[in-house]
Amino acid sequence: MKIGGRDRRSFSSEEQPAEPAPSSNRSVALLVAALVLVAAFVLVTPNLPALVKDGSGFLSHLTSPLGGQTGTNGAGGLNYTIYSPLIEKGGANISYPFDYDVLLTYALGLINTDRANNSLGAVTLSGIDVAQQHADSMLRYGYFSHNDTQGFKPYMRYTLLGGRGAVEENIATSYTNLPYFTSTASVEGALKSLEYAMMYNDSICCGNGHRYNILSSLHNQVSIGVAFNSTRVFFVEDFENYYIDINFSVSSSYYVTMTGTPLEAGLSASAVYITYDNTPTSETAAELNAGPREYGSGSLVGGVLPPCDFLCPTFQQGITIRADSWTFAGNSVDVAFSLRDFIQRYGPGVYTLFLVTGTDTSSALTSISVFVG
């Protein structure tokens with residue numbers, strides 16, 4: 001069994017970002033199915049945010065490359081076609097297995113059982129199908145990575161598909177050398193094994209990164225993706241912090257407004273952390289499979305703080321600007337500021353906005369990406 005990991009460290013406005021942990025190889029397990037010995041390789045890897053707190057871990061690499069997959073998939077002779085899942089013009093063709101509803105309910109039950117066993121409330125299903133889009137992409141193009149063939153990271157896909165909360169991703173795959181995933185029950189078995197590995201075998205390489213994601217008390221929604229053929233299953237969990245019914249807009253001059261209604265009483269925020277990624281470029285399946293499979297949240301380039309007149313704090317790294325509007329009161333959220341200073345200094349790329357309630361992005365209410373051409 002191979003499990004990927006992440007460096008779980010955050011940085012606040014007074015700190016410098018941590019570097020990702022190095023990669024390390026781990027062992028491969030064999031699974032016995034029915035009367036046939038099937039070599040089943042199980043790989044799981046969570047996100048590696050540069051802004052996530054506590055612990056450390058390692059990322060393991062595949063010992064066997066993933067081969068390209070066809071666009072047709074199915075179990076029990078019932079096939080479905082995976083149409084091109086590329087994200088274009090704010091949407092994507094998202095394909096679903098014939099038994100997707102059954103698998104979705106089963107996977108959600110696994111997640112919520114693990115949460116209940118740790119005295120946590122259940123997560124509900126997200127309205128953003130970002131996880132299924134990524135599972136489709138990995139199966140269609142034959143790779144295993146948080147990045148995709150368009151060069152997008154999870155939070156970029158989440159934004160492009162309409163997400164306005166904050167997202168963190170786990171991905172996992174199980175594959176065999178003989179056709180085995182030929183029934184709904186066999187796919188459910190793979191999902192159960194992968195969820196168990198993320199919960200209980202995660203410290204071996206990953207500093208319990210998957211487990212932290214599954215058991216975060218702030219996660220209240222999850223997008224679930226399941227894509228498979230007879231020899232491979234991909235399982236994606238995109239956990240969300242969704243606490244504001246938010247309207248987000250950015251003008252042609254890069255003036256940002258966030259308005260909306262808090263979904264819980266007493267909601268407030270302390271800052272907007274802003275990170276920068278280079279403009280995404282396409283990657284081949286071979287490049288993605290070569291790793292690394294962790295992902296960071298970009299480079300911290302500063303952020304936005306509430307208006308202040310005296311003894312005002314600043315970000316130690318990057319640019320500090322003051323919001324023109326910063327309201328969290330009753331049924332209203334209103335935050336407004338300009339990205340112009342950031343764009344003038346750092347240029348074209350992707351700027352991701354983490355509206356945080358605490359001192360690091362584990363408390364983020366948003367992970368909204370702004371693409372600057």
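Author: Here is a walk through the salt bridges and their surroundings. A quick word on the ground rules: this is a predicted model, where local features need pLDDT of at least 70, side-chain atom pairs count only at pLDDT 80 or more, and totals for chains, interfaces and linings use all residues. Residues are numbered from 1 along each chain as its sequence is written, and side-chain values use heavy atoms, with hydrogens and water left out.

A salt bridge here is a side-chain nitrogen of Lys or Arg within 4 Å of a carboxyl oxygen of Asp or Glu. By that rule the count comes to three.

Let's start with Arg 157. Its side chain meets that of Asp 148 in a salt bridge, 3.5 Å from N to O. Arg 157 also forms a salt bridge with Glu 169, where the closest N and O atoms are 3.4 Å apart. Arg 157 sits in helix α3 and Glu 169 in strand β8 (residues 166–175), so this pair ties together parts twelve residues apart in sequence. Helices (H or I, at least four residues) and strands (E, at least two) are DSSP runs, numbered from the N terminus. Put together, Asp 148, Arg 157 and Glu 169 are linked in a network of salt bridges.

Buried means under 20% relative accessible area, exposed over 50%, and partly exposed in between, with a 1.4 Å probe and protein chains only. Asp 148 and Arg 157 are both buried, and Glu 169 is buried too.

Now for the remaining pair: the side chains of Lys 153 and Asp 277 meet in a salt bridge at 2.8 Å, N to O. This one links distant parts of the chain, with Lys 153 in the loop between α2 and α3 (154–160) and Asp 277 in strand β13 (residues 271–277), 124 residues apart. Lys 153 has a relative accessible area of 15%, so it is buried, and Asp 277 counts as buried at 8%.

What lies at either end of that link? On the Asp 277 side, β13 belongs to an open sheet of five strands, in the order β15-β14-β13-β18-β19 with mixed pairing; two strands pair if DSSP finds at least two bridges between them. The edge strands, β15 (319–322) and β19 (368–372), each pair on one side only.

Just after α2, Gly 142 takes a positive phi of about 75°.
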